[in-house]
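Dear colleague,

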Amino acid sequence: MGNTQGGSSDGASLAMNEAPNIVPDGYFGVRVSGSPINGALGDKKELEKIIEAAKEEGRKEASREFQGELAKVAQSVYGNVQDQLDQIQEKQAAASKSLIESIKDKLAPSSSPMMYCKDEKATVVNCYKSNLDAPLECALKVDALVACAENIVKNFSKE
């Protein structure tokens, strides 16, 4: 807008103030001189303040949008990681449970030795109660209990 072409034969451009009248009759035109921004929007410093405020507001809005998108991504990543951790924990819990069951079966005694000799033990106890003055009367019953216990130990060591 600073220059308009003139109608001169040498092809040189003329400044706006020097432009010849080339507007046909019946048309309306406006010639602007000076800075159109200064006249329309106020002085240059005020305009710069407005532009700087707009830039700052744009930065703030972009930062808010970025933070929002970052929060969405972080939530998504956190959700994925949490799902993976849950799956790992479930697998580990199942593996631990299986291991516990296999160890429990190995550690639990199939039966206690005295359970095998329950009758022999009861016989010895009753014999001693009945023969308080003559405990030697129970020697055969004690031998039967000892033999039962030795048999249990011998069979246990074979396993």
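**Surface and overall make-up**

The accessible surface of the protein comes to about 13,900 Å², and 58% of that area belongs to carbon and sulfur atoms. Please keep in mind throughout that this is a predicted model. Of the 159 residues of the protein, 6% count as buried, and among the contacts with a separation of 6 or more, 24% are accounted for by residues 24 or more positions apart.

**Confidence**

The average pLDDT of the protein is 77, with 67% of the residues scoring at least 70. Among the elements, the lowest mean pLDDT, 43, falls to strand S1 (residues 3-5), whereas helix H4 (residues 118-130) has the highest, 92.

**Secondary structure and core**

The protein contains 5 helices and 2 strands, which, read along the sequence, follow the pattern β-β-α-α-α-α-α. The largest nonpolar core has 5 residues in all, namely Cys117, Val124, Leu145, Cys148 and Ile152, and helix H5 (residues 139-158) gives the most to this core, with 3 residues. As for Val124, which belongs to that core, its contacts are with Lys141, Val142 and Leu145, once residues up to four places away in sequence are left out of the count.

With best regards

Methods. Residues are numbered from 1 along each chain as its sequence is written. This is a predicted model: local features need pLDDT of at least 70, side-chain atom pairs count only at pLDDT 80 or more; totals for chains, interfaces and linings use all residues. Side-chain values use heavy atoms; hydrogens and water are left out. pLDDT is the predictor's confidence in each residue, from 0 to 100. Helices (H or I, at least four residues) and strands (E, at least two) are DSSP runs, numbered from the N terminus. Buried means under 20% relative accessible area, exposed over 50%, partly exposed in between (1.4 Å probe, protein chains only). Contact means heavy atoms within 4.5 Å. Accessible areas come from the Shrake-Rupley method with a 1.4 Å probe; for residues, only the protein chains shown count as cover. A nonpolar core is a set of buried Ala, Val, Leu, Ile, Met, Phe, Trp, Tyr and Cys residues joined through side-chain atoms within 4.5 Å.
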